[in-house]
Amino acid sequence: MLRVGQVSKPCWAGAVRARSIRAAHAEAQRARLSSVSGSQSSVNPEEIAHFSRLSQQWWDERGEFGLLHKMNPVRMQFIRNKLLEIQREEDESSANETLPLSGLDVVDVGCGGGLLCESLARLGGRTLGIDASSSNIAIASLHAAGDPALASSSTSTKGKGTLSYEHTSVEGLLAQRGPASFDVVCSMEVIEHVDNPRTFLTNCATLVKPGGHLFLSTIARTPLSYFLTIFAAEHLLRLVTPGTHTHSKYINPDEMTQFFLSTPLPPDNTAPQTAPQQQASRPWISRLYGGAPLRTEAEIRGMVYLPWKGEWMLVPRGAPGASLWAEACNYLFWVRRPLE
């Protein structure tokens, strides 16, 4: 019989084991961006099969991808504003308010049904969408064909963009086009569905030209994100198919920042040897100030869904406690490759 305050050895041992398991799990997740598995492919066949089955629903604004349709204007707001901000700082006269992507080569990695691609093309970008699912590419191509202004075969006039699609992975595109092929690389809501996220990020970054931009959007690995994206969205409200998300694959903003702070990019073995003395690879974030990078090197912005409005909101820069609430679920990440 136990006296008050006495703890049985089995209960105590069980609690220790539980804490050890949780600690080991957390450490394993932190290591996702600091190590590479034996396979260098980022494509997860199960994830591709899952989204291929849902491909017919991409352009149904009230269906499986309804939340992404509502999120797309906020993603584009962030992309447009960040590009214009950098353009104004470098040369005020070069900022193109109407078509900030005019004359730029743009790729959307993991484009799905083309929601982001069409918006990028309409901002003037020579846009390529790639996806490892042939079903997604078929749907994206079919939808774009309904707008003659997006036809890749049409001649771009007055800075207007074009749009084309290709069924391939980021590894396949890198092998085909080579490093430093795009001014802007986007990958939205993709990295949480891939294998080898470090390899995936490295390949995306290697595609960026010096001075170019990498835009990412993903989900933080927090209790809040589990409640909102899995318990509520998948199981309670059935807004998305159960099994769409895996909480352990989410990546926190500080892990993303640390990757670009500590990883020399592009890898030395892929850097283009265009000059006798090629500048060595280096991290894209030079240092942190108060825990945050310079806004000219990288930026993190949270996105919050407002159910009473039925729309997403881009959290203002410098919002009080943003790292605790605004970036605890969906967030956008921008980083720029240094000029060489």
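Are Glu85 and Lys82 buried or exposed? I looked them up first, and I found that Glu85 is buried and that Lys82 is buried too. I note here that I am working with a predicted model.

**Entry: Glu85 and its partners**

I checked what Glu85 pairs with. It forms a salt bridge with Lys82, and the closest N and O atoms are 3.5 Å apart. Both residues sit in helix α3 (residues 66-90); they are three residues apart, so about one helical turn separates them.

I then found a salt bridge between the side chains of Glu85 and Arg317, at 2.9 Å from N to O. This pair links distant parts of the chain, since Glu85 lies in helix α3 and Arg317 in the loop between β9 and β10, 232 residues apart.

I compared the accessibility of each partner with the cut-offs. Glu85 has a relative accessible area of 13%, and buried means under 20%, so Glu85 counts as buried. Arg317 has 44% relative accessibility and therefore counts as partly exposed, because that class runs between the buried limit of 20% and the exposed limit of 50%.

Which residues are linked with Glu85 in a network of salt bridges? I listed Lys82, Glu85, Glu89, Arg295, Glu299, Arg301 and Arg317. Glu299 and Arg301 are both buried. For the model I noted a count of 18 salt bridges. As a reminder to myself, side chains of opposite charge can pair when their charged atoms come close.

**Entry: the sheet**

I traced the sheet next. Eight strands form an open sheet with mixed pairing, in the order β3-β2-β1-β4-β5-β10-β8-β9. The edge strands are β3 (162-167) and β9 (311-314), each of which pairs on one side only. From one strand to the next, the twist averages 20°.

At the β3 end, I saw that β2 (residues 126-131) pairs with β3 in the parallel sense over six bridges. Ile130 stands opposite Glu166 in β3. Helix α5 (residues 134-145) packs on the sheet and touches β2 and β3; its direction makes about 160° with that of β3. Helix α7 (residues 197-206) also packs on the sheet, where it touches β1 (105-109), β4 (182-188) and β5 (208-219). The direction of helix α7 makes about 145° with that of β5.

**Entry: strand β10**

How many residues of strand β10 (residues 330-336) are buried? I found seven of the seven, so the strand is largely enclosed by the rest of the structure. In a regular strand the side chains alternate between the two faces of the sheet.

β5 pairs with β10 in the antiparallel sense over seven bridges, and Ile219 stands opposite Asn330 in β10. Strand β8 (residues 298-306) pairs with β10 in the antiparallel sense over six bridges. The bridge partner of Ile300 in β10 is Phe333.

Methods: Residues numbered from 1 in each chain as written. Predicted model: local features only at pLDDT ≥ 70, side-chain atom pairs only at ≥ 80, totals over all residues. Heavy atoms only, no water. Pairing = 2+ DSSP bridges. Helix = DSSP H or I, 4+ residues; strand = E, 2+ residues; numbered from the N terminus. Axes fitted to C-alpha atoms, helices over the stretch in contact; angles between N-to-C directions. Contact = heavy atoms within 4.5 Å. Buried < 20%, exposed > 50% of the residue type's maximum accessible area, 1.4 Å probe, protein only. Salt bridge = Lys/Arg side-chain N within 4 Å of Asp/Glu carboxyl O.
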